[in-house]
Amino acid sequence: MTETCSKSHDGKVVSVIGDKLTTTCSAGHEHCHTIAKDANVTCDGKASKAADLKAGACVRVTTKKDDDKVATAVDSGKHIPALVHKA
């Protein structure tokens, strides 16, 4: 049921400024998200803050299915596969 309520994608952090997260995807496109106040942010499985996300880190961003601009969860760490940009 979670799949119908949310969606996720993997990317790399470009920047985090306040509650604004910018990432790139495997195609090299930038994606901008507002991190929800109640978002679940983790780094290597530990509870974190948006400010802990560093440029270049691999992340999995989860958004509501009907609003892909608001991140409800951001998971970062070695368990997220590294992206290979398509040529």
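**Notebook: salt bridges, core and cysteines**

I began with charged pairs and found that Asp10 and Arg60 form a salt bridge, with 2.7 Å between the closest N and O atoms. This is a predicted model, so I read each value as computed from predicted coordinates. The pair ties together distant parts of the chain: Asp10 sits in strand E1 and Arg60 in strand E5, 50 residues apart. I looked up accessibility for both partners. Asp10 is partly exposed at 22%, and Arg60 is partly exposed at 29%.

How many salt bridges does the count come to? I got two. The other entry I noted is Asp19 with Lys20, where the closest N and O atoms are 4.0 Å apart. Asp19 is partly exposed, with 37% relative accessibility, and Lys20 is also partly exposed, at 44%.

Next I went to the largest nonpolar core, which has 13 residues. Which of them touch the most other members? My list reads Leu21, Ile35, Leu53, Val59 and Val74. Strands E3 (30-43), E5 (58-64) and E6 (67-76) each supply at least two residues of this core. E3 gives the most, with five residues. A friendly reminder to myself: in soluble globular proteins, nonpolar side chains tend to be buried together.

Thr23 came next, in strand E2 (residues 20-24). Is Thr23 buried or exposed? Thr23 is buried, because its relative accessible area is 1%, under the 20% cut-off. Leaving out residues up to four places away in sequence, I found that Thr23 touches His9, His29, His31 and His33, among others. Val59 and Val61 are also among its contacts, as is Lys12.

Lys12 is partly exposed at 26% relative accessibility. I also checked Lys12 against Gly28: they are 16 residues apart in sequence, and their C-alpha atoms are 9.7 Å apart in space.

Last, the cysteines. How many disulfides does a search of the whole structure find? The search returned zero. I looked at Cys25, which is buried at 13% relative accessible area, and at Cys43, which is buried at 18%.

How values were computed:
Residues numbered from 1 in each chain as written. Predicted model: local features only at pLDDT ≥ 70, side-chain atom pairs only at ≥ 80, totals over all residues. Heavy atoms only, no water. Buried < 20%, exposed > 50% of the residue type's maximum accessible area, 1.4 Å probe, protein only. Disulfide = S-S within 2.5 Å. Core = buried A, V, L, I, M, F, W, Y, C linked by side-chain atoms within 4.5 Å. Helix = DSSP H or I, 4+ residues; strand = E, 2+ residues; numbered from the N terminus. Contact = heavy atoms within 4.5 Å. Salt bridge = Lys/Arg side-chain N within 4 Å of Asp/Glu carboxyl O.
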